[in-house]
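Subject: Structure handover

Hello,

The structure we discussed is below. Please look it over before reading the notes.

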Amino acid sequence: MSRELVRFPIKNSNSNSFIEGNLAIPDNPIGIVVFDQLVSEKLNKNKIATLLFALLSDEEQAFDSQVEKMTSKIPGVVLNKFNLSLLTKRLSMVTDWVLSNPHTEKLQLSFFASSTGGAAALMTACQYNIASIVIRSGRTDLVPNQFLDQIVSPCLFIVGSREKSFVKINKGTMKKMRNSKEKKLTIVEGASHLYEEEGTLQKVAEIATQWISQHFTLRINTNSIGK
């Protein structure tokens, strides 16, 4: 297993700003997952490389926290975590790096994301050949319909049983994804939005790993037959 701390400079910002990621590559990996959730250990044990990173810099996260603490809202201010254009650009930047890095460029690529990161993952997937996408409690209602029409990658939506509004949101998104090769909604019993209940996050890791492994293997086998 090789591990590396990766820094991605942020364009159009001061020279000290960056987002940071943790790259882990097991021996003989079958693919790589770019994501922002800490379920990497389960994936690594199944020969899947991971790049765990935050879509926002420390300064951008601090700005969001300050604005959220204000008693009066500032007109026209959009929190960075809700700026889908920004989040999509960041994920695209990291994806380009993965596809050009000598240690990962030949690996099949999947996304795992949550909340507004899930929306960014769907929008970014329109630009690349993504093996599969896993979205946990995603704000997929924020994705414009024209992007949903372009998604062809297999998509798994994971939602906690206590997240009634997210169940509705993700079901609505699935109906609009008319060109996706495969789409599925899995509900984790007893889980709330933060998956703090005992065993729920581990369940998410198991479900995600099975889905991602299945589609990596399917692609590998398909490519082998075609040769």
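This is a predicted model: local features need pLDDT of at least 70, side-chain atom pairs count only at pLDDT 80 or more; totals for chains, interfaces and linings use all residues.

Residues are numbered from 1 along each chain as its sequence is written, and side-chain values use heavy atoms, with hydrogens and water left out.

Helix α2 covers residues 58-69; helices (H or I, at least four residues) and strands (E, at least two) are DSSP runs, numbered from the N terminus. Buried in α2 are Glu 60, Asp 64 and Val 67 (buried is under 20% relative accessible area, exposed over 50%, partly exposed in between; 1.4 Å probe, protein chains only). The face of α2 turned away from this buried side carries the exposed residues Asp 58, Gln 66 and Lys 69.

The model has seven salt bridges (a side-chain nitrogen of Lys or Arg within 4 Å of a carboxyl oxygen of Asp or Glu). One of them joins Glu 60 and Arg 90 at 2.7 Å, N to O. Glu 60 lies in helix α2 and Arg 90 in helix α3, so this pair ties together parts 30 residues apart in sequence. Glu 60 is buried at 15% relative accessible area, and Arg 90 is buried at 6%.

Arg 7 forms a salt bridge with Glu 20, with the closest N and O atoms 3.0 Å apart. Arg 7 is in strand β1 and Glu 20 in strand β2.

Regards

Conventions
The expected span of a helix is 1.5 Å times one less than its number of residues.
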